[in-house]
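The following paragraphs give a guided reading of a two-chain model, from the contact between the chains to individual residues. Please keep the sequence and the coordinates at hand while reading.

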Amino acid sequence: MQRILALTFLVVLLPAYSILAQSQKDGSIYSRFGLGERQQFFTSRSQAMGGGGYALAGIRYTNFANPAALSDQILTRFAGGFSFESIKVSAEGFEQGTVASGTLSAVQIGFPLITNKTGLGISFSPYTRVSYRVDSPSSIISDPENGGETALISRFGGSGGIQKLSLATGHRVSPRISLGLSLDYLFGIIEESQGSSFNSTLFVDRTVEKTLRLRGLTATVGGRYVLPGLPTGKALVIGGTISLPTTLVGKRALALTTSVGSDTLSTTASGDVKLPLAWALGVAYQPEARWTFIADASYEGWSSFESDFDLPGYSASSNSEFDNRLRLSAGAEFWPASGRPFASYGSRIGYRLGVYSDQSYVSPDADESIRSVGITGGLSMPSLIRGTNIDLNIDIGRRGTTSNGLVKDRYIRFSLNINFGDRWFDRQPLG
Amino acid sequence: MTGCDDRTNVGIGLVDAQTEESKVITLSASSLQDNGLGDVTGGNASSGASRALAGVVDDPVAGHMEAVGLLDFVASSQFGTSFLSQPVTFADLTMSIDYVYGDTTQPVTLEMYQVNESWISAFTRADTTIGTGALVLTTTIPAVEGDHVVTLPAEWVSAFDGILRSSTFTDDFHGFALRATSGNAILGVGFSGTSLRASSTPGDTVSFSLSKVFTSSSRIPSSASSEYLLLQDGAANGLDVSFPFLSEEFPEALVHRVLVRLNTVDLSDLYPSGFNRPVVSLIGLRVVADDDVTRLVVEEVGVASDGSLTFDNTILTNVVQSVNLDKSSLDRFELYLPSNQSGVGFLAIQFGAISSESLPRAIVTFTPLK
């Protein structure tokens, strides 16, 4: 039964993911810049604890924050989630409007090769996301020699992003040390559109669609160490990862469409996009079985980013550069009935809380960094199906500033994640 | 899943900082020059040609113009037995004068020559020379519109009796050439009403209608003006015009509208009374590719009451869009007078030592790409 549910889950989510990823245009205007708004989703557990989890251990989730954590697996697990985001945008103290969009967080599968020693996992999740749409009405002189004005609407939009498909493995080298390796295939399409519609048939409405296709391979190595010397029942774990810099090969196509919808002109250009080295460190502390605390830091050296393609906020021909991204987060988890499987349902719910600060790698204004700060929370509810949890998470935060002509996003995200667990590859006992 | 209560202007400030608004610029022509390419003056009624021109005129503006017209005929119907059985004893030529350019106060004397060689009218340009044969007759025609009938000499009738009655008349007869020897006007011999008639006695009369025409013309220009260039029909060359579409003020952009506008100069005060100048009704603009052969007609327009010409359509806009994105083989634009006007009239296009507002110009509405 669980296998059927899990497979159904995958069959439905994967196509839906790709469709949604292409179609949305109602996210933050900040997603317009660079390669889009940086995304990271490791597990619904870490999502509710501030978004880190590089040192998190546990068998309830397949933790893709650190490939070394894949050594923890006992059950085969399928996980996936869907999130809904509402953003209120304000500028210079005035609320401008509200946009809302939904997307799938990730689709993941993990299973043990050697129970609680060596594990393998596959994860498909967004790496960046572009999702915005803006209309700007204005007017223009129709003919400077004969006068007259014509109304027009300038339309800007963007969608898509880069996806990450990871194949990861983790191995427990010793009771205290785990190591892991993840091969990450980054690929995706970023679409930008710019057009003008005139309130007159004398003008040709045109839209230019720029489509940037990128793909490339990178790798992440991770390690986790359980510190010795703590009393029984307590644990202190440190973990870290390093993601290698990589070059994505890209092709940009530019197509012009007219008001009748036909392609009139198109050009293509090829080039490279170089992504930077990234590292992350985390610590997890478990004073007792019911409580877990984590603190994490991740760094991406986007100042070394290079692209042959012009991107919003980045000029390939000038010396413009991105900021380094620094993300700090911390969180706590409380399982009232940890270790008591027959406790009441309410006691078996897990509670999570987290905070984070995320300085974006790209800003529309070179003199102003874009920072997101937020608090997260979540409930992990056991289902009637053994080994399966339903997680409800929330993320409330703000991004940007209203100074220097920028905008401030106040956002709230709700997410629903399902985490199936089952034994698939057990050997049948002989006799 | 998406939604928005008011997406207008949500974050527009950040987009505006990255982009530029739609704008209108005026690009003055970087060059306007005679292209030395003779006008197409050959054709038939179905190809759009209206007439052949013959005459000579000293124009106060355009200079000395001379036109030699060629006319060829085809049998209007099957010959009757009575016509074929008797020799032709009489023939005349009715010329329907439907166009007069020049001094209408004095007649024009034309010499009519036999054309001995087959010639092609289609797409034949005014600077083409077609050889002529013996002089058939000389006639003097008043420089006014109307029919003018000349009787062909008996010697010619006798010499061409066999051909006139032959079933291969179209192949064997190549028409007449009309060349002026005096007068100060160019006359047009139109398709409608022009015919060659032949009679046999006591038999029948057969009519041969005008089948194709061609005008070979030349012009010795008067002193060139520094203010305008002539766009002239018939004798005529087109005018090449270019605009600086690859300038910094016109960056890579979405092109929404392009107007090409020119001003003409009213020169009517320079002409004496009695000098007839038929109005040039249509002016065309076409795109010339860099192979110098491929041409795309943009539009043919009339002169506005203020003397301006404005070309404004999506073909023009699309061509400039292609140029802007470096996806075009455009070499230049070409102004021309449509061949179906079949005259020698002209327009004086302002250029040179005139204010920049009066130069040929392209008015471009575009949105810069970023």
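Across the interface of chain A and chain B of this predicted model, the rule finds three salt bridges. One of them joins the side chains of Glu145(A) and Arg261(B), with an N to O distance of 2.7 Å. Ten residue pairs are found in polar contact across the interface of chain A and chain B, both residues of each pair being at pLDDT 80 or more. On the side of chain A that touches chain B, the elements that give two or more residues are strand 2 (76-91), strand 3 (94-114), strand 5 (128-143), strand 6 (147-172), strand 7 (177-198), strand 8 (206-226), strand 10 (246-258) and strand 11 (263-275) of chain A. Strand 5 of chain A supplies the largest share of that side, nine residues. By residue type, the side of chain A that touches chain B divides into 28 nonpolar, 17 polar and ten charged residues.

The extent of the interface can be stated in two ways. In terms of residues, 55 from chain A and 41 from chain B take part in the contact. In terms of area, chain A and chain B bury about 4,000 Å² between them, and 58% of this lies on carbon and sulfur atoms.

Chain A itself may be considered next. Its secondary structure consists of two helices and 19 strands. Chain A has 431 residues, of which 54% count as buried. Among contacts in chain A between residues at least 6 apart in sequence, 66% join residues at least 24 apart. A local backbone feature of chain A is found at Asn116(A), which has a positive phi of about 55 degrees although it is not a glycine. Asn116(A) belongs to the loop between strand 3 and strand 4 (118-126) of chain A. With a relative accessibility of 32%, Asn116(A) counts as partly exposed.

Asp326(B) is located in the loop between helix 5 (314-324) and strand 21 (330-336) of chain B. Because its relative accessibility is 66%, Asp326(B) counts as exposed. Within helix 5 of chain B lies Asn324(B). Asn324(B) is buried, since its relative accessible area is 9% and the limit for buried is under 20%. Not counting residues up to four places away in sequence, Asn324(B) touches Phe250(B), Pro251(B), Glu252(B), Ala253(B) and Val255(B).

How are buried and exposed residues arranged on helix 3 of chain B? In this helix, residues 154-164, the buried residues are Trp156(B), Val157(B), Phe160(B), Asp161(B) and Leu164(B). Seen down the axis of helix 3 of chain B, these buried residues fall within an arc of 155 degrees, so they line one face of the helix. Glu155(B), Ser158(B) and Ala159(B), on the other side of helix 3 of chain B, are exposed.

Leaving aside neighbours within four places in sequence, Ser182(B) is in contact with Val56(B), Pro107(B), Val108(B) and Thr109(B). With Thr109(B), the side chain of Ser182(B) forms a side-chain polar contact of 2.9 Å. Val287(B) lies 105 residues from Ser182(B) along the chain, and the C-alpha atoms of these two residues are separated by 40 Å.

How values were computed. Residues are numbered from 1 along each chain as its sequence is written. Chains are lettered from A and ligands numbered from 1 in the order in which they are written. This is a predicted model: local features need pLDDT of at least 70, side-chain atom pairs count only at pLDDT 80 or more; totals for chains, interfaces and linings use all residues. Side-chain values use heavy atoms; hydrogens and water are left out. Buried means under 20% relative accessible area, exposed over 50%, partly exposed in between (1.4 Å probe, protein chains only). Helices (H or I, at least four residues) and strands (E, at least two) are DSSP runs, numbered from the N terminus. The arc is that of the directions from the helix axis to the C-beta atoms. Contact means heavy atoms within 4.5 Å. Buried area is the accessible area (1.4 Å probe) that two parts lose on being put together, summed over both. A salt bridge is a side-chain nitrogen of Lys or Arg within 4 Å of a carboxyl oxygen of Asp or Glu. A polar contact is a pair of N or O atoms within 3.5 Å; within protein, one must be able to donate a hydrogen and the other to accept it, and residues adjacent in sequence count only if both atoms are side-chain atoms. Ala, Val, Leu, Ile, Met, Phe, Trp, Tyr, Cys and Pro count as nonpolar, Asp, Glu, Lys and Arg as charged, and the others, Gly among them, as polar.
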